[in-house]
Amino acid sequence: MGTTTTIERNQEAADKGQLVEMNWDPITRIVGSLGIFTKIDFGKRKVAECHSTSSIFRGYSIFMKGKDPRDSHFITSRICGICGDNHATCATYAQNMAFGVRPPPIAEWIVNLGEAAEYMFDHNIFQDNLVGVDFCEQMVKETNPGVFEKAEKTESPHAGVHGYRTIADIMRALNPFTGAFYREALQMSRLTREMFCLMEGRHVHPSTLYPGGVGTVPTVQLFTDYIVRLMKYVEFMKKVVPLHDDLFDFFYEALPGYEEVGRRRILLGCWGSFNDPDVCDYTYEKMTDWGRAMYVTPGVIIDGKQVTTDLVDINLNIRILLGSSYYDDWQNAETFVKHDPLGNPVDQRHPWNQSTIPRPQKRDFAGKYTWVMSPRWYDKRTGDYLALDTGGGPIARFWSTALAGLVDIGYIKATGHSVKIYLPKTMSLPETELEWKIPKWSNAIERDRARTYFQAYAAAAALHFAEKALAELHAGRTKTWNDFKVPEDAIGCGFHEAVRGVLSHHVVIRGKKIANYHPYPPTPWNANPRDIYGTPGPYEDAVQNTPIFEENGPEKFKGIDIMRAVRSFDPCLPCGVHMYLGDGRVLETHHSPMFGMQPSQP
Amino acid sequence: MPAHAAAPYGQITQKKPAVAEVHILWITAGLGCDGDSVSITAATQPSIEDVLLGAIPGLPKVHLHNPVLAYENGDEFMKYWYLAEEGKLDPFVLVVEGSIPNEKIKEEGYWAALGTNPDTGQPIPTTEWIDRLAPKALAVVGAGTCAAYGGIHAMEGNPTGCMGLADYLGWGWKSKAGLPIVNVPGCPVQPDNFMETLLYLLYQVAGRAPMIPLDEQLRPKWLFEQTVHQGCDRAGYYEEGDFASSYNSHKCLVKIGCWGPVVNCNVPKRGWMAGLGGCPNVGGICIGCTMPGFPDKFMPFMDEPPGGKLSSTAIATYGKAIRTLRAVTNHTINKEPKWRHSRSQLTTGYQPQSY
């Protein structure tokens with residue numbers, strides 16, 4: 001690194017500005033524990049540096065060793081308290097592969113219906129009860145009173161559909177607990193959780209999932225109870241999508257340049273969701289084909305181009321790096337899997353070969369500062385270890401599905417450049433077609449917008465799954481579970497989309513026991529620290545260089561633009577992002593040799 | 001005319017609560033998953049907004065400080081923690097979610113922390129917060145099995161030596177108001193079970209209810225005195241000796257892993273939410289997730305529980321014998337495994353290479 005030029009550049013920047021240390025620890029309204037530590041240039045109104053830290057370690061990969069592999073979905077569900085069922089489901093996918101069992105079709109439809117309800121619930125509560133507060137009257141008045149005044153005078157373009165006349169009316173409705181839409185969304189999040197419980201028993205740690213299928217009893221009543229609730233949600237989404245479009249479009253209009261908030265290079269990963277039981281046999285050998293048959297298409301998007309849709313390719317190029325995390329390296333530890341079942345070599349830094357060796361220590365932002373490791377995707381074309389993000393899930397799912405152009409089920413069509421979603425007539429609203437179009441940026445607003453559209457996508461997909469399930473039921477095919485034997489030795493992997501993005505589980509079985517188990521949820525992908533090569537994690541990267549639009553100075557600074565940037569990723573760290581507003585201490589008024597660089601990193 | 005005479009006649013039924021305002025400080029920074037905080041947003045009996053917006057008569061005004069739901073961030077959020085420590089946020093109820101790591105087994109660093117110490121710049125361990133706040137709290141509540149007894153993260157071979165609140169504070173611990181720790185186990189906690197317990201405590205604070213009735217494991221008696229099996233609508237199949245041999249069945253699951261006959265939990269009876277869902281009643285084996293012995297004493301989950309064979313065979317002769325057998329098992333699983341303790345050694349079986 002050209003140290004001299006960096007210092008000169010930084011010197012210049014710092015001369016004009018005023019670098020202030022601003023920290024938020026904990027960041028609230030997310031799941032888990034997260035701290036965001038920044039240096040802000042109030043002269044240039046820009047974030048100069050950001051570190052993301054997580055303050056909790058539990059050790060799943062350690063205490064699962066030696067346990068019965070049939071227990072893995074019950075155990076790993078407990079990783080996450082809002083999308084635990086995504087873990088349980090992903091674990092059963094990995095079990096199915098390792099045990100060589102293919103569930104009956106109706107079981108797969110039941111799991112798909114449960115997981116669709118999870119997306120409907122979770123995106124809903126996160127968007128409108130957690131993220132929504134960043135856009136509510138109270139918050140906007142406290143951070144950008146000028147913007148609120150403008151909102152009072154701005155008519156909502158879709159007021160006729162959602163009923164909120166002005167943008168300020170939408171903001172008022174989002175006030176926590178007292179806002180009408182806040183409470184409506186909270187209530188709706190219960191209805192969708194009821195739908196979830198119908199299929200998977202309990203929220204958020206399911207009771208009825210097993211390797212080989214489900215214990216849920218498929219009856220006419222089960223699907224009736226689900227569908228009547230689903231249609232209420234469909235009606236709700238017909239209002240909610242235009243409501244959010246109005247709100248988000250207003251921010252672009254009221255604050256020119258807002259597209260830079262939380263913006264980073266388009267580096268998105270999606271591991272695919274909703275298996276098609278007609279194609280998916282859970283064998284590794286056919287994973288490329290059944291991966292492409294998923295109802296959300298897996299893929300890696302680099303600078304707007306889809307470089308793969310192949311789950312085998314995706315799997316083999318996952319690398320877990322260290323650099324700033326509280327662990328010892330495993331480079332010389334045991335190699336559990338030398339080759340995959342297709343004969344491809346498996347890297348020592350792949351989750352199948354990872355050994356987790358915790359080393360608790362003091363937090364040092366120039367050294368080790370978090371319990372999160374740094375997952376990367378190895379781009380074999382360039383040799384880069386890419387810090388892919390999930391954009392909180394939906395933006396990556398849409399982007400991948402849209403470009404692949406494979407999904408076409410009547411309710412949903414991927415066009416190659418957009419995704420069309422068809423919602424049938426509901427009690428008070430006519431049939432509606434929504435279209436998510438590939439945006440210009442991977443930024444905070446577009447991550448949030450995609451979340452709303454994906455709620456409609458999940459509902460539309462559920463309509464299809466319910467039809468398929470009923471067809472099985474009507475044909476008398478009600479068997480929900482197939483028996484299996486736990487093999488002496490095996491490996492397995494599961495690929496799924498947790499609500500907030502990519503999820504994979506990687507298991508090695510020896511002597512009928514778990515020899516190694518490493519789950520990779522979305523938040524390690526998003527919340528990770530600088531890796532051994534000095535590449536910052538996506539939160540850090542997205543927050544660095546985010547412009548500051550907040551009207552408050554350092555004394556009353558809330559960091560709302562940073563909050564919107566971080567929350568757009570839907571942080572879920574039962575590990576953590578804490579942002580704490582320090583005392584507004586001015587670090588350097590004239591120059592800062594440390595500014596914008598990491599001299600300790602190679 | 002005196003002002004009170006103008007009040008509506010019915011108002012004489014409305015006594016002012018003994019305490020006007022109560023704060024709830026909710027720590028999610030144990031070793032958990034935030035699943036209990038998420039769970040309470042599903043509750044409707046009562047709902048979180050019923051309690052916060054004063055929709056239930058006779059309660060004090062309630063201020064909730066929970067990181068999953070809070071408006072404030074960072075220091076603005078942590079302000080309440082410091083106020084409580086200084087005795088300026090009185091009275092408050094401390095809710096702990098997640099199991100309590102053993103910070104004594106290593107030389108430096110932390111397993112779980114909340115906020116940053118302004119003097120050192122280092123994270124403040126969750127245990128330190130419990131030490132600071134528990135003596136000041138009106139009541140301490142363990143939300144979910146992790147906080148109550150250790151739970152999944154206290155599984156054999158765990159690296160953090162984590163434990164339940166009572167292992168940490170002591171089983172005989174009492175708050176300054178004389179309340180024992182209140183545990184509401186469940187993984188996660190059943191939404192209405194938690195909110196109903198909280199409502200009871202608020203009534204107690206308001207002077208409208210006697211001391212909360214708890215059992216030996218510090219659970220509210222009215223929620224946990226019955227077993228899963230006693231509330232399960234598949235128990236009729238058990239009575240007829242008609243058992244499921246695969247998960248593809250609507251019959252009794254005891255022969256394929258269900259621990260319902262010996263587990264204290266009301267979920268099949270109450271449902272998960274709105275009376276829907278549950279565990280064995282909807283095809284999911286009971287893995288004992290409310291119990292002090294969870295998870296170790298129930299693993300591997302998908303095998304028939306030991307002793308189950310005897311009971312389910314003996315069902316033909318019925319009655320007293322079965323109840324006695326079940327009482328023995330129930331006693332065992334109502335105890336935590338021996339490695340959950342606050343001593344400065346790690347005895348979970350994990351051999352750390354470096355702490």
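Mentor: Let's start where helix 5 of chain A meets helix 15 of chain A: their crossing is left-handed, that is, the near helix is turned anticlockwise from the far one by less than a right angle. This is a predicted model, in which local features need pLDDT of at least 70 and side-chain atom pairs count only at pLDDT 80 or more, while totals for chains, interfaces and linings use all residues. Residues are numbered from 1 along each chain as its sequence is written, and chains are lettered from A and ligands numbered from 1 in the order in which they are written.

Helix 5 covers residues 105-130 of chain A, and its axis comes within 8 Å of that of helix 15 of chain A, crossing at roughly 155°. That angle makes helix 5 of chain A roughly antiparallel to helix 15 of chain A (over 145 degrees counts as such). Axes here are lines fitted to C-alpha atoms, for helices over the stretch in contact, with angles from 0 to 180 degrees between N-to-C directions. Helices (H or I, at least four residues) and strands (E, at least two) are DSSP runs numbered from the N terminus.

Helix 15 of chain A has another partner in helix 11 (residues 220-254) of chain A: the two pack at an angle of about 160°, with their axes 9 Å apart. Helix 11 of chain A and helix 15 of chain A are therefore roughly antiparallel as well, and their crossing is also left-handed.

Strand 1 (residues 21-27) and strand 3 (residues 92-97) of chain B pair in the parallel sense over 5 bridges (pairing needs at least two DSSP bridges), and His23(B) stands opposite Phe92(B) in strand 3 of chain B. Both strands sit in an open, parallel sheet of 5 strands, with the order 2-1-3-6-7 in chain B. Its edge strands are strand 2 (61-65) and strand 7 (182-184) of chain B, each of which pairs on one side only. From one strand to the next, the twist averages 20°.

Two helices lie across this sheet. Helix 3 (residues 74-85) of chain B lies across strand 1, strand 2 and strand 3 of chain B, at about 115° to strand 1 of chain B. Helix 7 (residues 191-205) of chain B lies across strand 1, strand 2, strand 3, strand 6 and strand 7 of chain B, running at about 155° to strand 7 of chain B.

Where do the two chains touch? The contact takes 74 residues from chain A and 69 residues from chain B. On the chain A side, the elements that each supply at least two residues include strand 1 (19-24), helix 2 (60-63) and helix 10 (180-200) of chain A. Helix 10 of chain A gives the largest share of that side, 8 residues.

Asn23(A) stands opposite Phe37(A) in strand 3 of chain A. Strand 3 (residues 35-41) of chain A is mostly covered, with 7 of its 7 residues buried. Gly35(A), Phe37(A), Lys39(A) and Asp41(A) point one way from strand 3 of chain A, and Ile36(A), Thr38(A) and Ile40(A) point the other way.

Strand 3 of chain A also pairs with strand 4 (residues 46-53) of chain A, antiparallel over 6 bridges, and here Thr38(A) stands opposite Cys50(A). Their hairpin has 4 residues between the strands, and Arg45(A) takes a positive phi near 50° in it.

Note on methods
Contact = placed C-beta atoms within 7 Å. Parallel < 35°, antiparallel > 145°, perpendicular 65-115°, else oblique. Buried ≥ 20, exposed ≤ 12 C-beta atoms within 10 Å, placed from the backbone.
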